[in-house]
Structures are given as C-alpha cells and as structure tokens.
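Hi everyone, thanks for coming. I'd like to walk you through a structure that may be new to you, so please have a look at it with me.

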Amino acid sequence: PRYIETVAKRGYRLIEQPSPPPSDPDHQGQAAATTTEPTLLQPRARTPARGWLPWRRLRPSAALAVVALLLALAWAGSRVLSGSDYDAIAVLGFENLGDSADDRYFAEGLTTELISTLGHLEHPNILGQASSLRLDPKHHSSSEIGRILHVDAFVSGKVLRSGREVRVFLEIVETGTGHQVWSATYDGDLTDLFKIQRRIADEVAESIQGRFGTAAADQRETPAPANLKAYDYYLLGQYYRSRRTEADLRRALEFYRQARAVDPTNANAHRGIGLSQLLLSYFGHVQLGDAEQAAKPALERALELDPDNAETLAALGLARYLLGEPQVAKHLLDQALALKPNLAEAWMWRGLALEQQGSLRAALTQYRKARQLEPLGIGVAISESLALSHRGRHEEALTVLAPLAVFEQTSTQLFRNLAFLA
C-alpha cells in the first residue's frame, strides 16, 4: 500500500489511511522489538593503572621519555572519544555572550538545531531540548548533570554574535570525571551560518562516534534556507514552542508565520505553523476542528518542500492520532523514527496512538523510551504516569512525576496531575 503519492511538478502528498501491517506485535499488547527498558546510565570514570612502572630502575633520561610518552597518550585520549564509550549525551543550552535578547534567542536556537542534527545518530542517545536546556554547567556540577540527566557526557558552548560576525566555542565534558575531552572554536560570517552549523555538527558527531551514521551523513547534505531573516524568525519560533504554554505557543506561531512570509519555501516554517496549531489543540486551548483546518495545509506544504523530514512526518502522525486514526499515526511515526531515532516526541506520540488502540503495555514501552531521551520532559512523564495509573500502579506513577516538581514549579499541568495521583 502507498501512503504518499507524487504530484506532478509539485512534490508529495499524504493519501488515504493504509491497511494495518500483516503482523504487528502492538496489536498483541507487546512492546515493539526495537525499544528497551530504560537503564540508569553510570558515567564511566577513567582511573589510571597504578604501580606498574619500576621507576627506581629507570635512568633519568629513560624516565623522562616514559613521562613524555604517558603525557602524549593522556592528551590524545582526552581529544578522541569512542562511540562505545557513551550511551547518552546532552547538549546543554549555549551561553549567550551578547547583550540583546535577540542574541539570547539566537544562542538557544543554535543549541536546538545542534540537538536536532545530532538526533539523527543511531548511537549514542542524544537528549531532547526539554531536558537539556533546563541545566546550566555554571550552576550544576558535571556529576550533578550526569546524575539528573543520566548522561555520560555533555556538550556546552558559548555564542557571541556581533553584527554579521559570529563566534561559537564548544566543549565536551565527561560527567564522571569532569574532564574536558574535546573543544573547538568556530568563527564566521552569518551568511556562512549553515556551513558553521554543519561543521560543528560534523565534528561533534565524529568526536562522539568516531564516524557518522548513515542518517547523520544524509542530514549534512540538506540545503540551507535561502533567507537568513526567515531563519532568525524560525529560531525565535523554536525558542517559544519549546516552552509549551498557550501564550508561548501563540507567540511561536507568529514567528513561524513571519518566517513563512519572508521565505515561502522555508519548509521548517510551514511545519512550525502546523505543529503549533496541533499542540494548541492537544493542550486544550483550541478546538480540534479549527486546529486541523489550520494545520493541514501547512503540514502538507512542509511535506511537499521536504518529503523526508522526520519532524514533519511526526507532526502528521500527531495529527492522525488527534483525529482518531492510530494506525495511520503509527505508520507515520515509524517513518519519522527511522529517520531520526532520538526524536522523543515521536516516541511519546506513538505511545498515545497505541493507547488509543488499547495496547497499554506497548504504550508504556514507548513512553519509557521517550523518557530516556527527555528525563525532565513534563509531557512525557505525565503520559507515562497516567498510563501506569490506569494499570493500577499508582505509587510507581507518582515516582515518575514527583521529581520534576524540583525543576518546574510553575506548571499547572504538572501539579494538577500530581494532585490526581496523590
């Protein structure tokens, strides 16, 4: 069966609901084979071996040579990471060294885009922005970041934008040791911003993995949007959408619309418009019919402009879930996750679709995978806690949700659900 058809001289279009696959373990209430139970990741501290050199037997010149060799090996080891060393990494919010609010949005937007680009890697897990942006290395120690986010290392950075010039400093730090294991500085003109971003993503990914996965390599070839002003508006939209309140979602919607007005071919702007409309309905702020009517043309246009975009396919999956079509939703979300396995929202929405089909046990597996990627994400935690509560596991549901109160003290949604579970 076909779910997307080619429209002559225009691109692609989503067509009617597919028939269910011949054998789907979700229909049997079992977890998908590709997901695993979350594990508490322990940062790996490197401890040097002791007592193996017969120092007293070495001549001074030989001893100096050995020391030099050890220093060289230690330096080399601090600069190169192996993909097998780390199971999970967070990209923390970049520090803004500029003076204006626009510079702050720009810095956070760059953080979000790096998270998105690295999210195409199959290994290690790259945490989502809802969790990564909550912690600041200036206010939390490396070990605290590792314990709270369950990550082995984190990327942090500083951004300075002055007129048309931009400078980005990045480092990777191990949470178990606090050691900086990689660092780099990037300078360039804003007109070369996308080249800088790709170079950053390339080098960070290569430092983490030692090589690119197939999906990440494909991502590097995505053409840059033609209009920098539209990109600025898009980053502002991303900044506000991540906050998820009604006021912030509506503000994000306006910035996405401005990005579309400046550059009608910007697929990200169209997707942002459609997804913001759907989220306003998901959180109960607008009627579903109104949201669907506004979101549909925007998402269809985004898909036409960029048919293989994981976020757009996931947003279409959310739309189908909201419209009560869980089988189509699952298919679209599977496509999104095949392109971008670290997309936490897609895992969560797939769980919602499974719940809609009555497969609560399988849904819990999806929520746990989503929470591995977003350990501080309120929406993910609420979805998992409610699913646990529906299975009669109220104390376990409370332990999922209660720790978030430390980080989010103003969320009425969080405290309403905590009160329900108590």
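**Aromatic pairs, a cavity and a helix**

Let's begin with the aromatic rings: counting rings whose centres lie within 6.5 Å, we get 6 aromatic pairs. Please keep in mind that this is a predicted model.

Take Tyr234 and Tyr256 as one example. Their ring centres are 6.2 Å apart and the planes make an angle of 40 degrees, a tilted pair. What does this pair tie together? Tyr234 sits in helix α7, residues 228-241, while Tyr256 belongs to helix α8, residues 246-262, so the pair links parts that are 22 residues apart in sequence. Are these two tyrosines, Tyr234 and Tyr256, buried or exposed? Both are buried.

Now for another pair, Tyr239 and Tyr240. Here the centres are 5.0 Å apart and the planes stand at 90 degrees, which is over the 60 degrees needed, so this pair counts as edge-to-face. Tyr239 and Tyr240 are buried as well. They also belong to one aromatic cluster, together with Tyr233 and Phe255.

How many cavities of 30 Å³ or more does the structure hold? The count is 1, and the largest cavity has a volume of about 110 Å³. Its lining includes Phe94, Leu110, Glu113, Val168 and Ile196. Two elements, α2 (101-118) and α5 (193-209), each give two or more residues to that lining. Sorted by class, the lining has 7 nonpolar, 2 polar and 1 charged residues.

Next, please find helix α4, residues 142-149. Which of its residues are buried? They are Ser142, Ile145, Gly146, Ile148 and Leu149. As for their neighbours, the buried residues of α4 pack against the strands β3 (88-91), β6 (153-162) and β7 (165-174), and against α3 (129-132). Just after α4 comes His150, with a positive phi of about 60 degrees.

Finally, let's step back to the whole protein. There are 17 helices and 8 strands, and 50% of the 422 residues are buried. Looking at contacts between residues at least 6 apart in sequence, 62% join residues at least 24 apart. The accessible surface comes to about 20,400 Å², and carbon and sulfur atoms account for 51% of it.

Methods
Residues are numbered from 1 along each chain as its sequence is written. This is a predicted model: local features need pLDDT of at least 70, side-chain atom pairs count only at pLDDT 80 or more; totals for chains, interfaces and linings use all residues. Side-chain values use heavy atoms; hydrogens and water are left out. Rings of Phe, Tyr and Trp (its six-membered ring) pair if their centres lie within 6.5 Å; planes under 30 degrees apart count as stacked, over 60 as edge-to-face and the rest as tilted. Helices (H or I, at least four residues) and strands (E, at least two) are DSSP runs, numbered from the N terminus. Buried means under 20% relative accessible area, exposed over 50%, partly exposed in between (1.4 Å probe, protein chains only). On a 1 Å grid over the protein atoms alone, a cavity is a set of points where a 1.4 Å probe fits but cannot get out, and a pocket is an open set with protein on both sides within 12 Å along at least five of seven lines; lining residues have an atom within 4 Å of a point. Grid points are joined across faces, edges and corners, and a volume is the space filled by probe spheres set on the points. Ala, Val, Leu, Ile, Met, Phe, Trp, Tyr, Cys and Pro count as nonpolar, Asp, Glu, Lys and Arg as charged, and the others, Gly among them, as polar. Contact means heavy atoms within 4.5 Å. Accessible areas come from the Shrake-Rupley method with a 1.4 Å probe; for residues, only the protein chains shown count as cover.
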